[in-house]
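This briefing goes through the structure shown below, topic by topic. Keep the sequence and the 3D view open while reading.

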Amino acid sequence: MADTSDLTARQIRRMKRFDNPWRNPKLMWGASLLLGIIALGLLGRLFWNLDLVFTGSAPLKLPPVGFENLRRQEGVWDHPLGTDGSGRDMLSLLIIGAPNSLMVGVLASLIGMSVGIFLGFSAGFLKGRVDDVIRVLSDVMITIPPLLILVVFQAAYGDVSLTMMAILIACFVWQSPTRLIRAQVLSMRESGYVQMARLSGASTLHIMFREMLPNLVPYLFGSFIANVTTSIVTAVGLEVLGLGPQRVPTLGRAIYEAINSGALIQNLWWWWGIPTILLAVMFIGLLLINLGLDEVSNPRLRKL
Amino acid sequence: MTILDIRNVSIDFPTSRGVVHAVSDFSLSIPQGRRIGFIGESGSGKTTTALAAMRMLASPGYVSAGEIHLHSLGRTNVLEISDEEMRRVRLKKISYIPQGAMNSLNPVMRIENQIWDGIVAHEGAVEQAELQRRSRAVLASVGLPEHVGSLYPHELSGGMKQRVCIAIGVCLEPDLIIADEPTSALDVITQRQVMQTLRDVQGKIGAGLILIGHDMGLMAQSVDDLAVMRLGKLVEFGPVRQILENPQQAYTRELISSVPLVGGESFIQSTPEVLRGPPGPLLQFESVTKRYGALTALHPLSFTLDGEVPKIISVVGQSGSGKSTMGSLMLGFTPPTGGRVLFRGQDINRLSAAEQLGFRKDVQAVFQDPYACFNPFYRVDHALKFPFRRFGLAQSQAHVQSAMEEACHAVGLDPALVLRRYPHQLSGGQRQRLIVARALMLSPKLLIADEPVSMVDASLRATILKNIHDLKDKHGISILYITHDLATAYHVSDFVMVLYHGHVVEAGPPKDVIGAPQHPYTRLLIDSIPWPDVSRDWGAAEDGQRGLDALSDADVARPALRGTIPGFDLTVGA
């Protein structure tokens, strides 16, 4: 019944995009931005001298190549992105710091999602008391501002490791996946295919993980990415306040030190500017992935 | 006078696999005050054509050729006017009554506000008192009381919501009303009320009517002219009497003959060789009751179904009569409030895990909605393979494959065309037959078929019911057939129970119960069936309601038991 003769090649190409929703331009752009940051970390470790990240390993406050600082010093190729106020090479700082920031976000989000999936399924499936407790708990947790508690906690605790920080942040990102999954599970358990699975003698675990979970994947992905963003924002917020890991380079820590050493007044823009740009790239990448996933799971948003 | 003139219209849907010609070269004129039916299977282009006249085609579809003229717009082509002009045409000149009224009303707005919306959108500011007067008048014209205006949609029944949709559609007295399967989700009694209401208002305001549907009986009772469509083409057009009594095209004849009738020839051929099971009671209800809060869904009921000679027991009734609750009780999905449900002498709600698995294998179901029964994530094979393996029937990979193919052949499907596909690639009819094939592979002892054909095209119903009937004869499976369609129950079943508000009001062999009903409720159900016969009138709009109102408690408490059949004993009451 269909014939292709009266369509231009361009029209066909545009519509081919619908056949495989995962080949979504937004998704691809977002993924390549994030992969770029990961590649920076990997390639940097191979091709750059990471010892330059230690204090005093380089001249102080050198600008990036092609710029001059207030002391009329020119940037040198030994330190292409310049150095900071205590003589650390900016490039090696970024090579170590940027993946660290991303890692905290992903780890916190992974932990949060796992807890969310577990609690969401429990609430949706077991109903009754369990559901009430989980629902009230997640609703209450949503109203508590995470930064406030984390600031108090970290100030008391002092130095923490990256993993510890991820775990602390994860305590505040499990609520929304819990609510999302609970709602989906409640509507899905009445659906025809779940009834069919029950008729087929399927165990509860089979119904949860083999029948329901695959259909939740688009939601889970979207929620995961949104959580990564929130976690990175929280982590960077703590670091910029001077909390969080003290001895591990992160983007937020670099910004904190820049502000603390008067980089703004001394016009040392590369010190705080370049980490900020990398953070922006990270957030734009995550946002694009989230928008792309939205279009994948909701075909009505796709435009011809 | 012609209201709407569709001339040589073609509608295309560009897709990545090429252009789909949904409608090709379609011409039709609709005269004032006349009712035209568009009939055809799903995918025949009937809704698409009607939506093109309202310029509401779903993207990316477009009208590739032809013109549509609306008389009140003079010589202008509807397809060429601006969006703003088109907005003024919608509802004012052509109104559209959608298929699922449940989803068409705004759940957070009162009914009268939703009626006022349309009036204000077309006439600007109108005084509150005037709006009140008009919404009351239009609600009265569809037979709804005044207070309905101040209610929210969730407070109304399905039939009332559909009538509200009609009220919104006629409140500006349009020239043409397009009704897209307005009764497809309703049971026979409500269907009759809604259809007759629609006919009455349409006659009162003198508008033309396009009724879209796939039920020949409904068409015969509701329209003047009938347009038969197939694959986007007009197959036959003429007065409904001529089409029913003297169809010219083979396809039209096929559509007409696919409607099962009460009485007359059966579309089922019984095989004298029936596979027998072991003797002894298969399923027993021991004064089973089900209450949801204050509402009693099922009043005490006892029966024993013997498993030796497989039988089909039909349970018929309106929506809300408790028939689906009965199915759910038998499957063990809901525990009874009182009494016990026994399968082979064991209480199904007190089974151990191992017994539970055995029970699941022996009692299977076919549900109403073939679209929801497949997990969209998996290929359809999953639904067939999984239980087969789970119940330990599979011997090897090849054995599973051959069993699936055999089951597909048995229900008339070509395995090469359906297996290894995703559910959304199959039609509703194919999916429902696959579910029957699934039941067949497991060879259960009892099958609960809950409205198995109400969501498939009329032309496919007979085939699927034949498949189900074969399960009984060839595979020795007893079947509980839950339906609101008395005509099919008449043909396939060995015993019929009529349910009303959780009471069995009439029961017995189908030839007695449906062929010569004694209880007023059964009579009402049968009178509400739309016959594909123009001379057999359907009665007035209020007959249905009057009939229900006349049913006294005494009638309900006095069931008409019309004899028994061997192997099935029924006791009503505690």
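A search of the whole structure, which is a predicted model, finds 10 aromatic pairs over all chains.

**Aromatic rings**

- In chain B, ring pairs join four phenylalanines into a cluster: B:Phe285, B:Phe303, B:Phe495 and B:Phe568.
- A pair of aromatic rings is described by two values, the distance of the centres and the angle of the planes.

**Charges over rings**

- In chain A, the charged end of A:Arg189 sits over the ring of A:Phe125, and the distance to the ring centre is 5.2 Å.
- In chain B, B:Lys511 lies over the face of B:Tyr490, 4.6 Å from the ring centre.

**Salt bridges**

- Over all chains, the structure holds 27 salt bridges.
- One of them is formed by the side chains of A:Arg182 and A:Asp131, with 2.6 Å from N to O.
- A:Arg182 belongs to helix α7 (residues 175-188) of chain A and A:Asp131 to helix α4 (residues 128-143) of chain A, so this pair ties together parts that are 51 residues apart in sequence.

**Build of chain A**

- Chain A has 11 helices and 1 strand.
- Read from the N terminus, the order of elements is β-α-α-α-α-α-α-α-α-α-α-α.
- The C-alpha trace of chain A spans about 75 × 65 × 30 Å along its principal axes.

**Where chain A meets chain B**

- In this interface, 26 residues of chain A are in contact with 31 residues of chain B.
- The size of an interface is often given as the accessible area lost when the parts come together.
- Between chain A and chain B the buried area is about 2,500 Å², and carbon and sulfur atoms give 60% of it.
- The count of salt bridges between chain A and chain B is 0.
- Polar contacts between chain A and chain B number 9 residue pairs, with both residues at pLDDT 80 or more.
- On the side of chain A that touches chain B, at least two residues each come from β1 (2-3), α1 (9-16), α8 (192-199) and α9 (204-240) of chain A.
- Helix α8(A) gives the most to that side, with 6 residues.
- By type, the residues on the side of chain A that touches chain B are 11 nonpolar, 8 polar and 7 charged.

How values were computed
Residues numbered from 1 in each chain as written. Chains lettered and ligands numbered in written order. Predicted model: local features only at pLDDT ≥ 70, side-chain atom pairs only at ≥ 80, totals over all residues. Heavy atoms only, no water. Contact = heavy atoms within 4.5 Å. Buried area = accessible area lost by both parts, 1.4 Å probe. Salt bridge = Lys/Arg side-chain N within 4 Å of Asp/Glu carboxyl O. Polar contact = N/O pair within 3.5 Å; in protein donor to acceptor, adjacent residues only side chain to side chain. Helix = DSSP H or I, 4+ residues; strand = E, 2+ residues; numbered from the N terminus. Nonpolar A, V, L, I, M, F, W, Y, C, P; charged D, E, K, R; others polar. Phe/Tyr/Trp six-rings, centres within 6.5 Å; stacked < 30°, edge-to-face > 60°. Lys NZ or Arg CZ within 6 Å of the ring centre and 35° of its normal.
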